Amino acid sequence: MRAVEAVVVLVLGSTAVVAGAAAQAPAPRPPAPAPAPAAAPARVAEAPPTEVALGVAIFPTAVFLGSFNAGQGQRYYLFGATASFADLVTYYRGVLKDRGELVFDAPAVHMFDTGRFREEAMAFPPSVTVKDYTWGGKGGYLNPIRGGQPARFPTIIQIVPATAGTP
């Protein structure tokens, strides 16, 4: 007896695929790779604000991390510091000649008002806020500058300057 080869023809839409002992079915093609997303434009480094522009002293070794839209025409500015929370609070008490207020015990947050808050025109009161980022065994605030030193800041300073026209 002679063996008969079986050939199976499958019709898929308008494409015919022949499979069997005598013919190998072509391997299915993987879908074409999606085009790579366009690279995001590199963030242009923002120039650090001056003490004159902020209306308040900047801790001498503080590192400018960036500014953010606070709403209603205001911005707030973040600075990282390797000094301790207590040292920064002492510094700003002396510079601002104000005791400020400990607004949270844990994590410690101390706020100094630097101008009058006008609810109709401001999102945040003009102020200097110092926050301890080592509370609860945390390593500190991660440095947002890739490869920046130090890798983490124990303390962050947030400055919200008074807007134009604020007494």
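**Notebook: turns, strands and a core**

I started with Gln72, which is partly exposed, with a relative accessible area of 47% (buried is under 20%, exposed over 50%, partly exposed in between, with a 1.4 Å probe and protein chains only). A note to myself before going on: this is a predicted model, where local features need pLDDT of at least 70, side-chain atom pairs count only at pLDDT 80 or more, and totals for chains, interfaces and linings use all residues. Residues are numbered from 1 along each chain as its sequence is written, and side-chain values use heavy atoms, with hydrogens and water left out.

**Entry 1: positive phi**

I looked up where Gln72 sits, and found it in the loop between strand S3 (63–71) and strand S4 (74–81). Helices (H or I, at least four residues) and strands (E, at least two) are DSSP runs here, numbered from the N terminus. The phi of Gln72 is near 50°, positive although the residue is not a glycine. I kept in mind that most residues other than glycine have a negative phi, and that most peptide bonds are trans.

Next I went to Lys97, another non-glycine with a positive phi, about 55°. I found Lys97 in the loop between helix H2 (85–96) and S5. Is Lys97 buried or exposed? Lys97 is exposed, with a relative accessible area of 73%.

**Entry 2: cis bonds**

I then turned to the prolines. The peptide bond from Ala106 to Pro107 is cis, and its omega is near -5°. Pro107 belongs to the loop between strand S5 (101–104) and strand S6 (109–113). From Gln149 to Pro150 the peptide bond is also cis, with omega near 0°. I placed Pro150 in the loop between strand S8 (141–142) and strand S9 (152–153).

**Entry 3: strand pairing**

Back to the strands, where I call two of them paired if DSSP finds at least two bridges between them. S3 and S4 run antiparallel, joined by seven bridges. Ser67 has Tyr77 in S4 as its bridge partner. Two residues lie between the strands of this hairpin, and Gln72 takes its positive phi near 50° there.

How many bridges join S4 to S10? I counted on five, and the two strands run antiparallel. Ala81 is bridged to Thr155 in S10. Strand S7 (residues 127–132) is joined to S10 by six bridges, again antiparallel, and Val130 has Ile157 in S10 as its partner. S10 itself (residues 155–160) is mostly covered, with five of its six residues buried.

**Entry 4: Ser127**

I picked Ser127 from strand S7. At 2% relative accessibility, Ser127 counts as buried. I listed its contacts (heavy atoms within 4.5 Å), leaving aside neighbours within four places in sequence: Met111, Phe112, Asp113, Thr114, Gln158, Ile159 and Val160.

**Entry 5: the core**

Which of its 20 residues touch the most other members? They are Phe79, Tyr92, Ile157 and Ile159. S4, H2, S7 and S10 each supply at least two residues of this core, and the largest share, four residues, comes from H2.

Beyond neighbours within four places in sequence, the contacts of Ile159 include Phe79, Tyr92, Ser127 and Val128.

Technical notes. Core = buried A, V, L, I, M, F, W, Y, C linked by side-chain atoms within 4.5 Å.
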